[in-house]
Amino acid sequence: MAHENQTVIKTTCPRDCYDGCGMIVTTENGQVTQVKGNPEHPTNQGKLCGKCSVAYNGVWIDEDARLLHPMRRVGKKGSGAFTPISWDEALGEVASRLGKIVESHGASSIYHTHYTGTCSFIASDFPGRFFEHLGATEVDPDTICNKAGHVAWNYVFGDSVNGFDPRTVKNSKCILVWGANPSASAPHVDKNWLHDNTAKVIVIDPIRHETADRADLYLQVRPGADAALAFAMVHVMQRDGLLDMDYIRDHVLGFDDIASSIAECTPEWGEAQTDVPAALIEEAARLYAIGPSLMWLGQGLQRQLGGGNIFRACAMLPAFTGNIGKPGAGAYYLNSTADIFSRGGKSPIYEADGSDDAATVSQMDIPALLQDAETIQAYMVWNCNPDHIGLNGFQPGAG
Ligand code: SF4
């Protein structure tokens with residue numbers, strides 16, 4: 001029970017995490033004094049992960065441990081010498097330097113790169129509104145971590161951010177987790193959703209992680225052979241009359257074009273391609289096809305050569321068996337509230353005028369471009385650390 005000066009707020013953990021834990025935050029005189037898990041939340045059921053439980057109630061509310069003011073670099077780059085300055089000073093200096101660049105080289109010579117940061121509309125999207133309004137060049141994709149999956153899913157389903165609601169699992173007979181490791185990246189989903197129901201769990205992954213260890217069926221696929229495995233599974237479904245031909249007739253384009261390829265991909269062929277025993281391919285295929293089944297494709301699955309096409313191959317499973325759009329069935333990649341609001345595009349906060357016409361440059365080209373001080377007059381980084389998302393050797397040489 002909150003006393004005077006206390007406020008209790010029900011909210012959601014803003015970290016970039018599959019779990020999306022429900023939280024109860026207590027504030028006193030406007031300051032956060034306690035953060036705990038919401039027992040009524042279906043995923044985390046009152047718990048927070050160890051990291052957040054400790055940090056939300058410790059270092060993240062400890063003013064002595066946090067950076068509270070802008071800091072200006074006073075020594076050489078990399079020397080670590082900084083001095084505190086006021087917000088007015090910092091904002092004034094940045095605005096003045098950007099303004100001069102806009103006048104001398106045009107706004108498109110200002111490049112900005114970003115990722116998620118804290119997952120709220122304002123924290124994750126608002127800087128984008130500023131840069132879009134300015135006419136700066138955007139590094140796209142914002143991350144190389146999941147773009148191939150989004151593009152592939154959009155090709156196949158027209159959408160990559162509206163997966164199933166986990167609560168529909170009560171109607172499922174099978175959950176297929178492919179290329180994801182919930183035991184590490186979604187601890188509450190793993191405990192309270194994935195394993196705490198009557199559905200059979202199939203895990204497909206080269207790595208025998210904890211979720212794989214506890215699965216009813218585990219298919220240890222050879223790295224890179226996932227598409228072959230998908231074709232072999234669909235072969236079994238077709239051979240055994242388990243495809244939903246009514247659903248295919250009404251909702252699927254292109255089935256006839258690949259039917260002959262599917263016919264060639266026997267379970268024995270699949271075993272030779274994937275190292276998964278043919279009998280296991282058959283068992284998993286039948287379990288999934290009979291359903292109702294949920295399919296979760298992880299980001300790991302598309303982080304490999306041909307990752308987008310692997311996603312498209314896996315999409316055959318729900319599309320050909322009708323495991324979409326009915327209780328207990330569905331396919332899931334990365335649900336996103338911001339993207340749901342804009343139906344797959346950028347959030348309305350990001351787009352100042354509702355358009356998406358900013359110039360873009362591939363993230364893969366950025367390390368080379370940064371050596372060219374003429375092209376990039378300023379490189380603004382917000383909500384991400386490019387050095388830690390695969391751009392090894394990242395060395396800003398310009399602004
Ligand atoms: S598991 Fe941790 S980081 Fe993820 S949503 Fe829950 S509290 Fe946040």
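Why is helix H14 (residues 307-314) largely enclosed by the rest of the structure? Six of its eight residues are buried, where buried stands for under 20% relative accessible area, exposed for over 50% and partly exposed for anything in between (1.4 Å probe, protein chains only). The model behind this is predicted, so to speak for local features a pLDDT of at least 70 is needed, side-chain atom pairs count only at pLDDT 80 or more, and totals for chains, interfaces and linings use all residues. Residues are numbered from 1 along each chain as its sequence is written, and side-chain values use heavy atoms, with hydrogens and water left out.

The buried set in H14 is made up of Gly-307, Gly-308, Ile-310, Phe-311, Ala-313 and Cys-314. Their cover includes helices H4 (147-157), H8, H13 (299-302) and H15 (316-321), along with strands S8 and S11 (293-297). Helices (H or I, at least four residues) and strands (E, at least two) are DSSP runs, numbered from the N terminus. Across the protein there are 17 helices and 14 strands, and buried residues account for 43% of the 399 residues.

One of the covering helices, H8 (residues 226-239), holds Asp-226. Asp-226 is buried yet goes without a salt bridge, that is, a side-chain nitrogen of Lys or Arg within 4 Å of a carboxyl oxygen of Asp or Glu. The nearest side chain of opposite charge belongs to Arg-222, 10 Å away; Lys and Arg count as positive here, Asp and Glu as negative, and His and the chain ends are not counted. What the Asp-226 side chain does have is a polar contact of 2.9 Å with the side chain of Trp-178 and another of 3.1 Å with that of Gln-304. A polar contact is a pair of N or O atoms within 3.5 Å; within protein, one must be able to donate a hydrogen and the other to accept it, and residues adjacent in sequence count only if both atoms are side-chain atoms. Leaving aside residues up to four places away in sequence, Asp-226 touches Trp-178, Ile-204, Val-221, Leu-301, Gln-304 and Ile-310, with contact meaning heavy atoms within 4.5 Å.

Strand S8 (residues 174-178) is where Cys-174 sits. Cys-174 is buried, at a relative accessible area of 0%. Beyond four places in sequence, its partners include Ala-199, Ile-202, Leu-287 and Tyr-288.
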